Amino acid sequence: MWCCDRTSRCSSTGGKTESIKLAFVCQAGLKADLDRYAALHAQVYGESVDAVTLIPHMLEAFLAGDRGFKKGDTSKPVSQKQLQREATPL
């Protein structure tokens, strides 16, 4: 389940950026892993942050590191069946 809510916030550069609040359902094991990741982050960086705060940064880093996504490879058309398979919830 996904839901979203549009909000606005100021970026670190002082300009306005648009943010969208998303909510999703995940398995308890993934939530536990995210909480452990947040705890490790707190140990390494000395700053206590919950997993919800880290998730957008993790997703941004994931997308930035995905060469296929960055390249925007549209040479292979995606079928409706593939899109449905990728959109199927866990």
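Please keep in mind that the model is predicted. The largest nonpolar core has six residues, and the elements that give two or more residues to this core are α1 and α2.

**The nonpolar core**
- Leu-34, Ala-38, Val-49, Ala-51, Leu-54 and Ile-55 make up the largest nonpolar core.
- Helix α2 provides the largest share of this core, with three residues.
- As general background, nonpolar side chains in soluble globular proteins tend to be buried together.

**Helix α2 (51-65)**
- The 15 residues of α2 should span 21 Å at 1.5 Å a residue, and the end C-alpha atoms of α2 are 20 Å apart, which agrees.
- Ala-51, Leu-54 and Ile-55 are the ones to look for as buried residues in α2.
- Looking down the axis of α2, you will find its buried residues within an arc of 115 degrees, so they line one face of the helix.
- An α-helix has 3.6 residues a turn, so residues three or four places apart point the same way.

**His-41 in helix α1**
- His-41 sits in helix α1, which covers residues 28-45.
- Its relative accessibility is 18%, so His-41 counts as buried, the cut-off being under 20%.
- Beyond residues up to four places away in sequence, His-41 is in contact with Gly-46, Glu-47, Val-49 and Leu-54.

Key:
Residues numbered from 1 in each chain as written. Predicted model: local features only at pLDDT ≥ 70, side-chain atom pairs only at ≥ 80, totals over all residues. Heavy atoms only, no water. Helix = DSSP H or I, 4+ residues; strand = E, 2+ residues; numbered from the N terminus. Buried < 20%, exposed > 50% of the residue type's maximum accessible area, 1.4 Å probe, protein only. Contact = heavy atoms within 4.5 Å. Core = buried A, V, L, I, M, F, W, Y, C linked by side-chain atoms within 4.5 Å. Expected span 1.5 Å × (residues − 1). Arc of directions from axis to C-beta.
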